[in-house]
Amino acid sequence: MTEPTSDLLRFATVGSVDDGKSTLIGRLLVDTRQLFDDQLEAVATASAKRGVGDLDLSFVTDGLRAERDQGITIDVAYRYAATPTRKFVIADCPGHVQYTRNMATGASTADVALVVLDASKGLKEQTRRHLCIAALLGVRNVIVAANKMDVAKWDEAVYLAVVDQVNEVSARLGFTSSVVIPVSALAGDNVVDPGFMANWYQGPTVLQALEAAPAGSWASSSSGARLPIQWVLRQHGGGRTYAGMVNGGEFTVGQEVTLMPQGVTTVLKAIKGPRGGLEVAMPGLSVDFDLSDETDAGRSDMLATAPLPTSTNEFEATICWFSDKPLVNGARLRLKHTTRSTPVRVTGIAGTLDVGTLDVGPAAEIALNEIGLVHLATADPIVVDDYRDNRVTGSFILIDEVTNATVAAGMIGHANFL
Amino acid sequence: MSTSTHPQIDHLDLLESHAIFIIREVVAECERPVLLFSGGKDSAVLLHLAVKAFAPQKLPFPVMHVDTGHNFPEVLAYRDERVATLGLRLEVASVQQAIDQGRVPDPGPLGMRNQLQTRALLDGIEKHKFDAAFGGARRDEDKARAKERVLSFRGAFGGWDPKSQRPELWQLYQGKVNTGENLRAFPLSDWTELDVWNYIRRENVPLPSIYFAHERPVLKRDNMWLAVGEFIHPQQGEVVERHLVRFRTVGDASCTGAVRSGADNLDAIIAEISVTNVSERGATRADDRFSETAMEDRKREGYF
């Protein structure tokens, strides 16, 4: 499919608490001069107030009072940066296990995961959990910053041990590329400027790796074109058009399209985009469609081209569970998938993932922050693709019917490593 | 079948489409949405996008101006012109009325009123039973805003709890609230200041005149140029000067600073912002200078 021409990379930091994710992002932003003078001054003032040195780089993204007082990241900070080569949307995610749901939020739209770990300590369980979630979410490229190399005295053996661990996990989780960079975020070595401490390292800096990573992968897919209908627009003088955002592939005027789940085919008569009429509607564009036949279509239906999605009431899915109350078989929730919401029941728990061994074992329930395989049955049929083929039509969330809290992120089907 | 070459889609097209998608999702999921319209550039862009999202239908919800009573006359005129041209329903949540009715303490005729906006906003939401309020806030504006979801859940008191935000994955925006609770929706979350200006130029979005360079009497207070007028008078030792200035943001007239600038058209403004070394709020908002977490604190109390 055709990718947007703009070169924009979305990346999320992942890894355990205290391994230096926010400090690394602070370093990256400061050394590429993305901060305004008054912002830098404010970081310096906040650092002095807490006696944490001249400039605590983590304060660049840790903007909440509790975060600065406790020295941890609680929720994702979004930052925007640009180098002469490309634009970046950065999601600086929390490492603490308690805030795994926020990490998943930040990583769900990422092209690349920037894994930050303490080189001397290697891959902790929480880092492995984050890597699993990133892989489940469909992230294929990881850049690993083996951080705190200054503390490790720039010992190549420490670095090589990390490389071994990363390679092993990478192969299991199916990452297509995983460069490991020895870094000191605190001192600034190999983040933007090359480090002179590691004469044994010839690879890229973190910035170089980010500039070279493939962009747009989060939106890529191997399904047909999809338009989940959001809204029906009444036209002057009668007639209706169907509004939504395109994903999965392109629609072209004159093409045959299928209305799902009804299974009715019609022809796409005209496309209107935000800037006027279009011949082709590309993924990521909000459009409205005029169809050749009068159809009874509305919000939560979907227009699609071949290969068509599946309309189903029962399916298998992988979920990350975000609620303190464990999920048990038979639980009733609400499901939101594309533009459709429907009641859903858990009809089976096939197992949960052990993030240490990466094996799925039998389980009676799914606890907070666990990854599980489930069978679900919905009241209304939903129109789905496997998550591996399409991240928009393959994803859903589960919602508590009483509190309206979002309690799970779900992916149709299961990742190859499960 | 057409074989036309693919249209170029750039960064602004994707931001625009994503914002329209968010606006349509919220309107579909919520019962009584409203768009907060201050007359500032961000809300001007937001309104432009909302109109596009539902064309050729009329905007299916009203706009609300949270009016501090300290307005630039140019901005009020602009607000009324937009409302008339687009045939909008305008609600005004008045800080002055809240003061007159004793719901908030009177800060005095020259006191700053940004803090009091929160009460007027919450009262307006409650009075009209709005369950979703669109705002033009962007994550690049402030470190607390950088942490907030696109759909920000607010409990019965309207406050933001940054420690328990709803997970917000992919493009699945979840807008369900119980009675008395509400959402703030920020379709411009991922836009930067420069994106907003580039979009205004591309789309010819009308703006209040004070965004463009003009000569006016100003005085320097707390290292910021304030417009001398109904709400700002020189105090002891302050000197009124005439300068060519423009406003980089539009807020309460008593605490919004001007910047010295000769940029009297969009190209010049974009060129100026591209090389500035001071942030938008740092340059122009006195209310954010009081404390390290001024924005977070206000949001916790129910601010935009």
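Trainee: How do H2(B) and H6(B) lie to each other: roughly parallel, roughly perpendicular or oblique?

Mentor: H2(B) and H6(B) are oblique to each other. Under 35 degrees counts as roughly parallel, over 145 as roughly antiparallel, 65 to 115 as roughly perpendicular, and the rest as oblique. Mind that this is a predicted model: local features need pLDDT of at least 70, side-chain atom pairs count only at pLDDT 80 or more, and totals for chains, interfaces and linings use all residues. Residues are numbered from 1 along each chain as its sequence is written, with chains lettered from A and ligands numbered from 1 in the order in which they are written.

Trainee: What angle and axis distance for H2(B) and H6(B)?

Mentor: About 50°, with the axes 10 Å apart. Axes are lines fitted to C-alpha atoms, for helices over the stretch in contact, and angles run from 0 to 180 degrees between N-to-C directions. H2 covers residues 41-54 of chain B and H6 covers 193-203 of chain B. Helices (H or I, at least four residues) and strands (E, at least two) are DSSP runs, numbered from the N terminus.

Trainee: Which residues meet there?

Mentor: From H2(B), Lys41(B), Asp42(B), Val45(B) and His48(B). They meet Val196(B), Tyr199(B), Ile200(B) and Glu203(B) in H6(B). Contact means C-beta atoms, placed from the backbone, within 7 Å. By class, the H2(B)-H6(B) contact has 4 nonpolar, 1 polar and 3 charged residues. Ala, Val, Leu, Ile, Met, Phe, Trp, Tyr, Cys and Pro count as nonpolar, Asp, Glu, Lys and Arg as charged, and the others, Gly among them, as polar.

Trainee: Now chain A. What's the strand order in the open sheet?

Mentor: S2-S3-S1-S4-S5-S6, 6 strands with mixed pairing. Strands pair if DSSP finds at least two bridges between them.

Trainee: Which strands stand at the edges?

Mentor: S2 (77-82) and S6 (177-182) of chain A. Each has a single partner strand, so one side of each is left without a neighbour in the sheet. The twist averages 20° from one strand to the next.

Trainee: How many bridges join S1(A) to S3(A)?

Mentor: 6, and the two strands run parallel. Thr13(A) has Asp92(A) in S3(A) as its bridge partner.

Trainee: Which strands does H4(A) lie across?

Mentor: S1, S3 and S4 of chain A. H4(A), residues 100-107, runs at about 165° to S1(A).

Technical notes
Contact = placed C-beta atoms within 7 Å.
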